[in-house]
Amino acid sequence: MTINEAQDEVIEEFSDFTDWMDKYQLLIDLGNEQKPLDEKYKTESNLIDGCQSRVWLQADYVDGRIVFTAESDALIVKGIIALLIRVLSGHTPTEILDADLYFIDRIGLKDHLSPTRSNGLLAMVKQIRMYALAYKTKEEAGH
């Protein structure tokens, strides 16, 4: 599944709900469905700067693709990172760097998050892109 196909699937799921309380519930459910992050990855270096709540993001390079796993101590944030992982995990660094994450606006996420949560969302996206850039640079260096 391409990144855009995954985004369209997310948009489709969220369009089933008109009430934002239901959308928040969907986010919480998505977060709860996520496998807990292995304790060994809950390190300072995996914590995302700029998030009000604690969010750990682990990136592993597997056969030319980046696999993301994450955890947060806040339910809504856990759901947001679950969505980002669903859309971006398992893709190549180039695909991730070239992705236009239009689903965030389409499902109305930015409009319904507090400014601090919105900043946290941007910080998560930035961190994912930084990992992608680091792995792409390694690829080009031939490691």
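Biologist: Which element gives the largest share of the lining of the largest pocket?

Modeller: That's strand E2, residues 65-72, with four residues. The model is predicted, so local features need pLDDT of at least 70 and side-chain atom pairs 80 or more, while totals for chains, interfaces and linings use all residues. Residues are numbered from 1 along each chain as its sequence is written, and side-chain values use heavy atoms, without hydrogens or water.

Biologist: Who lines that pocket, then?

Modeller: Glu33, Gln34, Lys35, Pro36, Leu37, Asp38 and Tyr41 are in the lining of the largest pocket, along with Val67, Phe68, Thr69, Ala70 and Ile85. A pocket is an open set of 1 Å grid points with protein on both sides within 12 Å along at least five of seven lines, and lining residues have an atom within 4 Å of a point.

Biologist: What volume does the largest pocket have?

Modeller: The largest pocket is about 180 Å³, counting the space filled by probe spheres set on the points. Its lining has seven nonpolar, two polar and three charged residues. Asp, Glu, Lys and Arg count as charged, Ala, Val, Leu, Ile, Met, Phe, Trp, Tyr, Cys and Pro as nonpolar, and the others as polar.

Biologist: What lines the largest cavity?

Modeller: Cys51, Gln52, Ser53, Val77, Ile80, Thr116, Arg117, Gly120 and Met124 do. H6 gives the most to that lining, four residues, and H3 and H6 each supply at least two. By class, the cavity lining has four nonpolar, four polar and one charged residues.

Biologist: OK, on to helices. How do H3 and H6 pack?

Modeller: H3 (residues 75-88) and H6 (residues 115-141) pack at about 30°, with axes 11 Å apart. Axes are lines fitted to C-alpha atoms over the stretch in contact, and angles between N-to-C directions run from 0 to 180 degrees. So H3 and H6 are roughly parallel (under 35 degrees; over 145 is roughly antiparallel, 65 to 115 roughly perpendicular, the rest oblique).

Biologist: Which residues meet there?

Modeller: On the H3 side, Ile76, Val77, Ile80, Ile81, Leu84 and Leu88 meet Arg117, Leu121, Met124, Val125 and Ile128 of H6, where contact means heavy atoms within 4.5 Å. That set splits into 10 nonpolar, no polar and one charged.

Biologist: And how do H2 and H3 cross?

Modeller: H2 (residues 20-33) and H3 cross at roughly 70°, and their axes come within 7 Å. H2 and H3 are therefore roughly perpendicular. Their contact has nine nonpolar, three polar and two charged residues.

Biologist: What about H1 and H3?

Modeller: H1 (residues 3-15) packs against H3 at about 140°, axes 8 Å apart, which makes H1 oblique to H3. Ile3, Ala6, Gln7, Glu9, Val10, Glu13 and Phe14 of H1 and Leu83, Arg86, Val87 and Leu88 of H3 make the contact. Those residues are seven nonpolar, one polar and three charged.

Methods. 1 Å grid on protein atoms, 1.4 Å probe; cavity = no way out; pocket = protein on both sides within 12 Å on 5 of 7 lines; lining within 4 Å.
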